[in-house]
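Visitor: I would like to learn how to read ring contacts in a protein model. Please show me, step by step.

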Amino acid sequence: MGCSGRLLGPVGGRRASLLLTMILFFTYFFYCLPGPCEPLPPALLLPPPAALPDGAAPTAAGDTAPALGGGSRRFPQAIIVGVKKGGTRALLEFLRVHPGVRAVGAEPHFFDRCYEKGLRWYRSLMPRTLEGQITMEKTPSYFVTKEAPRRIYNMSRDTKLIVVVRNPVTRAISDYTQTLSKNPTIPSFQDLAFKNISTGLIDTSWSAVRIGIYAKHLDNWLQYFPLSKFLFVSGERLVSDPAGEMGRVQDFLGLKRVVTDKHFYFNQTKGFPCLKKPEGSSKPRCLGKSKGRPHPKIEGQVVQRLQEFYRPFNMKFYQMTGQDFGWD
């Protein structure tokens with residue numbers, strides 16, 4: 001019955017049905033699309049491919065999602081998995097200059113924080129790529145996340161893994177500097193780094209210290225991936241010789257060496273290499289203000305004690321990777 005108490009005729013019924021459909025459609029858009037990690041992109045409003053169960057490896061037919069406008073959304077063939085404050089952002093920005101690389105700008109944090117969203121959601125975050133291009137992402141916290149190696153292996157055991165490492169003492173101080181800039185009231189570096197300063201006992205529960213025990217974290221990854229799937233990039237050489245280190249990265253990814261020394265210049269103010277002005281741009285590309293912050297002064301004895309603490313772990317890491325990073 002209508003508001004007037006009469007049955008709706010054929011035309012009125014069709015209009016009411018159309019109105020109801022429109023109301024439901026807009027209600028869906030406003031209340032159903034947001035998710036806890038990232039808003040889902042418009043591409044997901046198209047009929048989706050068959051869902052992949054979480055933890056299941058994609059099949060040959062399920063690892064790409066055709067998208068309008070050319071190209072497909074693919075799972076990443078290479079991931080920068082670590083480490084925080086090692087130089088991962090610089091590496092990603094340098095790689096994005098290469099025409100054969102397409103990368104997600106923001107850190108997806110899928111394999112550590114958003115895994116419950118599922119592989120289809122993860123793939124929807126990837127940029128469209130053409131045949132022959134490599135899809136990449138970077139989330140440095142993966143390297144220290146216990147579940148990340150197994151989850152990435154279940155997605156694809158052929159994934160190439162890049163780890164940017166840096167002197168763990170310098171890395172810890174840089175980590176602290178970043179936290180201090182966000183929260184100036186935190187305790188001193190010395191108070192956080194030591195359980196007991198008089199005995200020199202290091203607090204390995206503090207994440208800034210724990211991240212730098214690279215050998216321990218690598219042990220976990222080697223349970224799933226052989227060493228041949230890894231490339232360990234020196235954060236120090238990425239600053240002192242970006243073209244040389246980028247040559248190694250491009251070789252590892254099977255790419256032509258397009259990014260060379262002609263792409264870089266050294267910014268004396270920031271103390272970091274920057275990308276020269278791209279064609280059609282008004283200025284060079286340098287990393288943001290959060291990169292290259294001056295570090296707080298740390299007492300020499302604190303630095304020395306941390307160097308002694310890390311030395312055996314560094315030696316083991318050198319042996320495991322077959323590379324001497326020269327931190328000791």
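Predicted model: local features only at pLDDT ≥ 70, side-chain atom pairs only at ≥ 80, totals over all residues.

Visitor: How many aromatic pairs does the structure hold?

Guide: Start with the rule. Rings of Phe, Tyr and Trp (its six-membered ring) pair if their centres lie within 6.5 Å; planes under 30 degrees apart count as stacked, over 60 as edge-to-face and the rest as tilted. The structure holds 28 aromatic pairs. One of them joins Phe-110 and Tyr-122, with 4.4 Å centre to centre and 10° between the planes, and is stacked.

Visitor: Which parts does that pair tie together?

Guide: Helices (H or I, at least four residues) and strands (E, at least two) are DSSP runs, numbered from the N terminus. Phe-110 lies in the loop between strand E4 (101-103) and helix H3 (119-124), and Tyr-122 lies in helix H3, so the pair ties together parts that are twelve residues apart in sequence.

Visitor: Are Phe-110 and Tyr-122 buried or exposed?

Guide: Buried means under 20% relative accessible area, exposed over 50%, partly exposed in between (1.4 Å probe, protein chains only). Phe-110 and Tyr-122 are both buried.

Visitor: Which kind of pair do Phe-232 and Phe-317 form?

Guide: Their ring centres are 5.6 Å apart and the planes stand at 90°, so this pair is edge-to-face. Phe-232 lies in strand E10 (residues 230-234) and Phe-317 in helix H11 (residues 300-321), so the pair ties together parts that are 85 residues apart in sequence.

Visitor: How is E10 covered on its two faces?

Guide: In a regular strand the side chains alternate between the two faces of the sheet. In E10, Phe-230, Phe-232 and Ser-234 are on one side, Leu-231 and Val-233 are on the other, and all are buried.

Visitor: Which strand pairs with E10?

Guide: Two strands pair if DSSP finds at least two bridges between them. Strand E7 (residues 160-165) pairs with E10 in the parallel sense, over five bridges. Val-163 stands opposite Phe-232.

Visitor: How much of the chain is buried?

Guide: Buried residues make up 42% of the 328 residues. The chain has eleven helices and twelve strands.

Conventions. Residues numbered from 1 in each chain as written. Heavy atoms only, no water.
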